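Hello,

Here is the structure for your files. My notes on it follow below.

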Amino acid sequence: MADVDAGRILDAKAVAQSVLWGSTLWAPEGDKGVVAGTELRTGQVTQRVDLGSG
């Protein structure tokens with residue numbers, strides 16, 4: 001994942017199923033239907049959402 005405006009890499013391990021929403025990278029967490037939102041500025045998971053599909 002790269003920041004086009006700043007010209008730098010934000011997350012080198014982003015997966016194909018991830019999506020960037022603002023400065024939060026949403027990606028699957030395990031195989032239980034949970035996605036985690038990682039704040040790219042800090043690298044910390046700030047939110048988790050259970051989609052109920054696991």
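Read along the sequence, the protein runs β-β-β-β-β-β. That comes to six strands and zero helices. Both kinds of element are DSSP runs numbered from the N terminus, helices being H or I with at least four residues and strands being E with at least two.

This is a predicted model, in which local features need pLDDT of at least 70, side-chain atom pairs count only at pLDDT 80 or more, and totals for chains, interfaces and linings use all residues. Residues are numbered from 1 along each chain as its sequence is written, and side-chain values use heavy atoms, with hydrogens and water left out.

Sheet

Four strands form an open sheet in the order β3-β4-β5-β6, with antiparallel pairing. Its edge strands, β3 (19-21) and β6 (44-50), each pair on one side only. From one strand to the next the twist averages 25°. Two strands pair if DSSP finds at least two bridges between them.

Strands β4 (residues 24-28) and β5 (residues 34-39) run antiparallel and are joined by five bridges.

Whole protein

Of the 54 residues, 28% count as buried, meaning under 20% relative accessible area with a 1.4 Å probe, protein chains only. The accessible surface is about 4,100 Å², and 52% of that belongs to carbon and sulfur atoms; the areas come from the Shrake-Rupley method with a 1.4 Å probe. Among contacts (heavy atoms within 4.5 Å) with a separation of 6 or more, 5% are between residues 24 or more positions apart.

Regards

Terms used
Axes fitted to C-alpha atoms, helices over the stretch in contact; angles between N-to-C directions. Buried < 20%, exposed > 50% of the residue type's maximum accessible area, 1.4 Å probe, protein only.
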